[in-house]
Amino acid sequence: MDFDALSNWDFEEVEQTLTERDTILYALGLGFGEDPADKKELAYVYEDGLKAVPSMAVVMGYPGFWLRDPKTGVNWQKVLHGEQWLDIYKPLPTHGRIVGRSKIDFISDKGEGKGAVIYQSRDIVDADTGDKLARVAMSAFCRGDGGFGGDNRPGPAPAALPDRAPDHVCDIDTLPRQALIYRLSGDYNPLHADPDVARSVGFDRPILHGLATYGLAARAILKTLLDYDAARLVGLDVRFSAPVYPGETVRFEIWEENGEARFRASIPTRDVVVLNNGAARFA
C-alpha cells in the first residue's frame, strides 16, 4: 500500500446522465415490483409517477473500483467492503445530470498482518443546480496491507442494536438471477456473475453485491416503517458481515428506536448474519 499516493488520490469528477430507465433498473435489481398489483412498489418501477429508491445514491457518480489501479499498491484481491453510510439531503431525482465528487477521508493502519481500512466519501451533486443531494461514505478493509506505519485511527462507532426482540420482521426473497440484474446499475465485478471467478476466491457460486443487500435494507425499511414514502428515508448505515447468494431469502429484524430504526439482516437457512449494526434515519 502506497500511503502517500492513497492519501492524496486525485479522483476525477464523475458526471452521469441519469435516466428514468436507470432508476427503474436499479429498483428491479432490488426486487421492487415483485407483486405487480402492489401500486406502492410499482411507483419505483413504472414511469407514471416514478420515484427513486433512496439507496440509489450509492451507485450515482460511482468512480469505479479504483483500488485495482497498480499505483495504489493495494492487494485488491483481498479488499472487503466493510461499512456503508448514506445521508440524503434532498429526494433523489429520477432523471437528470448529477456529479460525483469522491475523496479519501483517512486511512487506518491496523498493524502488520492485521490489514488497513480506507475510509472514503462521495458527494452527489445536481449538475444543473449545484445542490448537494447526498453524501455516500464507505470503508474498504484491505486485509493484505497493514503495517505501513500509519495511525490506527478508529472509524465511526457502529449503531448498537437493542437487547430485546425486534419490533418487526420482514423477509425479502431474492431471485437466482438477482446479481445479473443488479450489476447493470454499474458494478460489473465478475465475482457476481462468473462461477469460475467466484470459485477462485472461495465461493461455490457467484454472490450478490454487498450494495444490493444494502438496497434490500432500504426496501425493507420503506415497506415496514415508511409506507413506501421515499422522501422520509434520509439516512442508512450498515456493517457488512457475510455475503448473500442470489435466490436466498433475507430476513430483516427491525427495531424502532427514538424516532429512528435499528436493524440487522440474516439468512435463516444458513443461520448467518449478513448485515449488522444497521441504522435508518427518517425525515
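At 17% relative accessibility, R262 counts as buried, because buried means under 20% relative accessible area, with over 50% being exposed and anything in between partly exposed (1.4 Å probe, protein chains only). This is a predicted model in which local features need pLDDT of at least 70 and side-chain atom pairs count only at pLDDT 80 or more, while totals for chains, interfaces and linings use all residues. Residues are numbered from 1 along each chain as its sequence is written, and side-chain values use heavy atoms, with hydrogens and water left out.

Let's stay with R262 for a moment. The R262 side chain makes a polar contact of 3.2 Å with the side chain of E260. For that term, a pair of N or O atoms must sit within 3.5 Å; within protein, one has to be able to donate a hydrogen and the other to accept it, and residues adjacent in sequence count only if both atoms are side-chain atoms. Setting aside neighbours within four places in sequence, R262 has contacts (heavy atoms within 4.5 Å) with residues including A159, L161, W255 and G278. V45 is 217 residues away along the chain, and its C-alpha atom is 27 Å from that of R262.

T23 is the other buried residue to look at, with 1% relative accessibility. T23 belongs to helix α2, and a polar atom of its side chain lies 2.7 Å from the backbone oxygen of T94. Not counting residues up to four places away in sequence, T23 touches Y44, M56 and P93, among others.

Now for the domains. The bounds come from an automatic or database domain assignment, which gives domain 1 (3-142) and domain 2 (168-282). Their C-alpha centres are 15 Å apart, and the contact takes 29 residues from each of the two domains.

| Interface of domain 1 and domain 2 | Value |
|---|---|
| Buried area | about 2600 Å² |
| Share from carbon and sulfur atoms | 56% |
| Salt bridges | five |
| Residue pairs in polar contact (both at pLDDT 80 or more) | 17 |

Buried area is the accessible area (1.4 Å probe) that two parts lose on being put together, summed over both. In domain 1, L30, K40 and Q84 lose the most area to domain 2, together 19% of what that side buries.

A salt bridge needs a side-chain nitrogen of Lys or Arg within 4 Å of a carboxyl oxygen of Asp or Glu. E34 and R219 form one through their side chains, at 3.2 Å from N to O. On the side of domain 1 that touches domain 2, α2 (20-29), α3 (39-42) and β2 (79-88) each supply at least two residues, and β2 gives the most, with eight.

Note on methods: Helices (H or I, at least four residues) and strands (E, at least two) are DSSP runs, numbered from the N terminus.
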